[in-house]
Amino acid sequence: MGATQRGRRWLVPVTAVAVVAGVAALGPVVADASPNLPTITAQDLLAKVQTAKVDGLSGTVTSSLDLGLPAIPGLVGGENSSQFTDLLSGQHTARVAFAGPDKARVSVLDNMAERVLTTDGKTAWIYDSSKREATKVAVPAHTAKPEAVPEVGPQNKTYDPQATAKQFLAAIDPSTTVEVTGTESVAGRDAYKLRLTPKTDKTTVGSVTLAVDSKNWVPLQVTVMPRTGNNPAVQVGFSSVSFNVPSANTFAFTPPSGVKVTEQKVPASTEPKALPKKPDATKPNAGKPSADKPTVVGTGWESVAVIRGGKANLPSGNGALDQLLAKAPTVSGSWGSGKILTTRMVSALIADDGRVFVGLVSPDTLQAAAAKAPR
């Protein structure tokens with residue numbers, strides 16, 4: 001199918017980790033007994049999932065993450081570093097609401113504090129109760145979508161199991177086995193279990209199971225199992241959900257008294273985006289990726305993110321990180337040399353030339369990708 005073919009280029013595993021890493025603190029996803037539902041084929045269920053559409057929803061999204069990452073204080077540097085590393089492990093919760101393409105609200109619960117990202121299509125608010133700060137953003141009418149809101153950190157990713165599921169569905173090709181493996185109840189709703197199993201042994205992903213609502217065909221829960229071990233590496237889904245369209249005031253926001261408010265405006269774009277120009281082969285850096293944008297090497301389950309200059313963003317003088325890198329094996333190849341870090345899900349290669357390679361792949365696959373990546 002066309003959308004599937006286009007999606008193969010995405011960094012499916014790594015993108016999914018980025019999506020679920022945005023959920024913050026409390027209990028796990030709860031699934032109940034298996035309901036008795038009519039038989040459906042994997043192909044029919046796939047078709048329904050990919051064409052599913054609801055006018056709105058609200059609920060609580062919970063997640064449980066165990067990517068096998070070590071605790072490294074200051075991994076990202078700056079005051080948000082502890083938030084970032086905390087979000088990559090443990091149990092997390094967010095309250096979400098959506099209505100059409102231009103109204104969304106995400107309230108992240110984190111250690112008795114709350115972070116809010118909301119837009120009514122005209123105005124967006126970003127609020128952090130722990131800092132007593134809020135940002136008001138005027139959203140141009142023709143781009144009145146949640147995507148128009150500026151990104152303010154890893155915690156503000158998509159809190160939407162359907163969006164998470166679509167990242168994995170984009171990887172479906174001949175390298176993936178797809179099957180319906182049963183039924184379950186999620187957030188009080190009957191659902192089919194659709195399992196995606198990579199055929200390649202080069203990924204650390206063992207399987208991805210989507211719990212698909214049996215009435216409106218929206219994914220309610222996504223569970224990622226590693227190739228080794230019996231515990232999920234990622235589970236993100238609704239613990240409660242309503243498919244009634246939220247009222248308009250759900251997306252309004254009034255800053256509490258004493259909160260510092262900063263106003264911003266998203267520039268309106270009146271010109272359509274131009275098609276990318278073909279690289280000029282006469283220029284020294286022709287065809288090379290931009291230093292500030294990660295690129296992807298490989299496809300589907302074997303995709304690897306390449307961050308040029310990523311090593312420079314690692315904090316210097318961090319004892320825990322320095323110790324971890326000191327113990328990490330040194331590897332080398334046609335791509336150069338560097339240190340490689342591995343967990344049960346994530347592999348990272350920190351090259352001496354400053355590039356960083358990250359993927360849910362085996363260490364050998366990571367080095368093979370490094371050999372193919374532009375310098």
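Predicted model: local features only at pLDDT ≥ 70, side-chain atom pairs only at ≥ 80, totals over all residues.

Residues are numbered from 1 along each chain as its sequence is written, and side-chain values use heavy atoms, with hydrogens and water left out.

Start at Ser207, which sits in strand 10 (residues 205-213); strands (E, at least two residues) are DSSP runs, numbered from the N terminus. Leaving aside residues up to four places away in sequence, Ser207 touches Arg195, Leu196, Thr197, Pro198, Thr223, Val224 and Met225. Take Met225: it is 18 residues along the chain from Ser207, yet their C-alpha atoms are 5.3 Å apart. Ser207 counts as buried because its relative accessibility is 11% (buried is under 20% relative accessible area, exposed over 50%, partly exposed in between, with a 1.4 Å probe and protein chains only).

Now for the charged pairs. The whole structure has six salt bridges, each a side-chain nitrogen of Lys or Arg within 4 Å of a carboxyl oxygen of Asp or Glu. One of them joins Arg189 and Asp213, with the closest N and O atoms 2.3 Å apart. Arg189 is in strand 9 (residues 189-198) and Asp213 in strand 10, so this pair ties together parts 24 residues apart in sequence. Asp213 is buried at 1% relative accessibility, while Arg189 is partly exposed at 23%.

Terms used
Helix = DSSP H or I, 4+ residues; strand = E, 2+ residues; numbered from the N terminus. Contact = heavy atoms within 4.5 Å.
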